Amino acid sequence: MDSFSIKGGVPLHGEVTISGSKNAALPILAATLLTDEPCVLRRVPDLSDTRFMVQILKSLGASATFENGTVTVHAKKITGFADYDLVRKMRGSICIAGPLLGRLRKARISLPGGCIIGARPINLHLKGFQALGAKIKIDGGYVDAVAKKLIGAVTFLGGRAGSTVLGTANVMMAATLADGVTVIESAACEPEVVDLANFLIAMGAQISGAGSPTITITGVAKLHGAEHEVIPDRIEAITFAAAAAATNGEITIKGARPDHFRAVIDKLNEANVLVERSGANLVVKRKGKLKSVDVTTMPYSGFPTDAQAQLMSLLTLAPGISIITERIFESRFMHVSELTRLGADIEIEGPSAIVKGGKPLSGAPVMASDLRASAALIIAGLAATGTTQVNRIYHLDRGYEQMDVKLKQLGARIQRVEE
Ligand code: EPZ
């Protein structure tokens with residue numbers, strides 16, 4: 001299992017270009033199943049998650065190629081059964097269910113296992129499918145959804161932690177080929193949902209309200225092939241901004257959409273980190289001494305849960321108390337114990353982590369546990385004195401394209417150690 005070896009204490013300087021968004025690309029890749037015509041997707045990040053998704057599409061009978069960030073998919077004829085071994089490995093694969101239901105009126109997929117950040121239920125996805133007329137059966141770890149007809153309906157997708165991003169994606173995709181009008185209330189408003197809706201509209205779907213809590217889909221008989229460029233990855237942009245601030249450097253971020261992460265920019269400003277436009281780019285640097293701030297994760301347009309761990313690493317360096325409250329997932333503090341191994345002073349109190357910041361970090365071997373926790377440990381390692389070895393870096397490779405290469409270009413002393 002690969003690891004990263006980082007010699008910290010080097011302020012990052014230079015330019016970094018943001019890749020396409022993993023969380024936009026996965027449902028958009030699944031949406032290509034909705035048509036028997038070819039689709040071309042650009043700026044698809046080359047990650048283990050996106051490569052898994054392409055393999056899943058092929059296991060369903062589609063032909064697909066993935067070269068230099070461009071994916072072509074031709075789902076001329078497909079079956080409704082995905083390769084269990086592939087689907088169970090990636091939570092994001094649940095978003096093939098909606099397209100299969102829309103195209104074939106049936107889908108059989110494995111129940112996505114939970115993961116380290118929480119139970120990851122799909123009850124809201126199934127609620128939306130049932131509203132459209134699907135019969136759902138769960139046995140042997142599989143979900144069987146069958147619908148003689150898909151009829152447009154009104155469905156409310158709000159759950160205990162707000163809406164569901166992939167649940168909104170799934171129901172929206174199925175509804176594009178239903179008879180009649182579907183209204184999704186308490187829909188997720190994330191930019192990745194808007195990007196998916198824009199791709200579906202390019203395929204001929206009739207959708208309005210994407211990006212708002214109420215999305216209206218008027219079903220059509222058929223969708224055609226389309227081309228689409230995936231939006232930039234806002235979480236990657238935030239990760240690099242946090243790394244620049246943590247190392248007291250100054251970087252230029254190219255290709256990001258600051259309108260996709262205003263809540264984070266606001267919080268960084270409050271922490272005395274400047275994120276300002278320079279032409280089409282963003283320049284990130286400290287405005288002076290870091291300040292402690294409180295963060296609570298929320299559905300969009302609030303502070304994103306996927307940036308919580310990265311901000312925590314930064315805030316371990318800010319003198320004072322920062323309270324970080326995680327409201328989306330039940331156990332997304334796996335990075336805390338590893339950060340304390342680097343000398344951070346953090347205590348967990350229920351849904352909150354109390355960060356007593358300001359002490360310098362010192363390098364040590366640490367273990368990545370999930371995608372965003374890995375990014376947090378890398379940020380901390382870049383800021384720590386001495387050497388930090390981040391093990392199990394396969395977690396990071398799921399969601400960041402060539403993170404080590406990009407960091408090296410910013411002056412970081414980071415090596416991928418292949419085992
Ligand atoms: C998407 O996951 C993202 N993944 C996650 O990013 C992100 O953290 C999450 O949205 C929230 O923004 C992809 O897009 C591939 P949810 P998703 O359904 O859609 C509960 C990353 O690091 N819920 O919005 O699976 C759920 O338990 C990943 O890139 C139900 O109760 O998340 C959670 O508490 C991690 N019932 C909350 O809603 C359901 O049927 C939000 O989950 C579905 C979800």
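This is a predicted model: local features need pLDDT of at least 70, side-chain atom pairs count only at pLDDT 80 or more; totals for chains, interfaces and linings use all residues.

A polar contact is here a pair of N or O atoms within 3.5 Å.

In I328 the backbone provides the polar atom, at 2.5 Å from an oxygen atom of the ligand. In R332 a polar atom of the side chain is placed 3.2 Å from a ligand oxygen. Taken on its own, the ligand has 820 Å² of accessible area, and the protein covers 93% of it. The surroundings comprise 24 residues, of which N123, L124, T164, D306 and I328 are the closest.

The second topic is the division of the chain. Domain 1 consists of two segments, 3-19 and 232-417, while domain 2 spans 22-229. A distance of 30 Å separates the C-alpha centres of domain 1 and domain 2.

How many residues of each domain take part in the contact between them? Domain 1 contributes 25 residues, and these are in contact with 21 residues of domain 2. The size of an interface is often expressed as the accessible area lost when the parts come together. For domain 1 and domain 2 the buried area is about 1,900 Å², with 51% given by carbon and sulfur atoms. Y300, R398 and E401 supply 28% of what domain 1 buries against domain 2, more than any other three residues.

Polar and charged groups also meet across this interface. There are 10 residue pairs in polar contact between domain 1 and domain 2. Three salt bridges are found across the interface of the two domains. Elsewhere in this account of charged pairs, E192 forms a salt bridge with R234, with 2.7 Å between the closest N and O atoms.

Technical notes. Residues are numbered from 1 along each chain as its sequence is written. Side-chain values use heavy atoms; hydrogens and water are left out. Domain bounds come from an automatic or database domain assignment. Contact means heavy atoms within 4.5 Å. Buried area is the accessible area (1.4 Å probe) that two parts lose on being put together, summed over both. A salt bridge is a side-chain nitrogen of Lys or Arg within 4 Å of a carboxyl oxygen of Asp or Glu. A polar contact is a pair of N or O atoms within 3.5 Å; within protein, one must be able to donate a hydrogen and the other to accept it, and residues adjacent in sequence count only if both atoms are side-chain atoms. A residue is near a molecule or strand if one of its heavy atoms lies within 4 Å of it. Accessible areas come from the Shrake-Rupley method with a 1.4 Å probe; for residues, only the protein chains shown count as cover.
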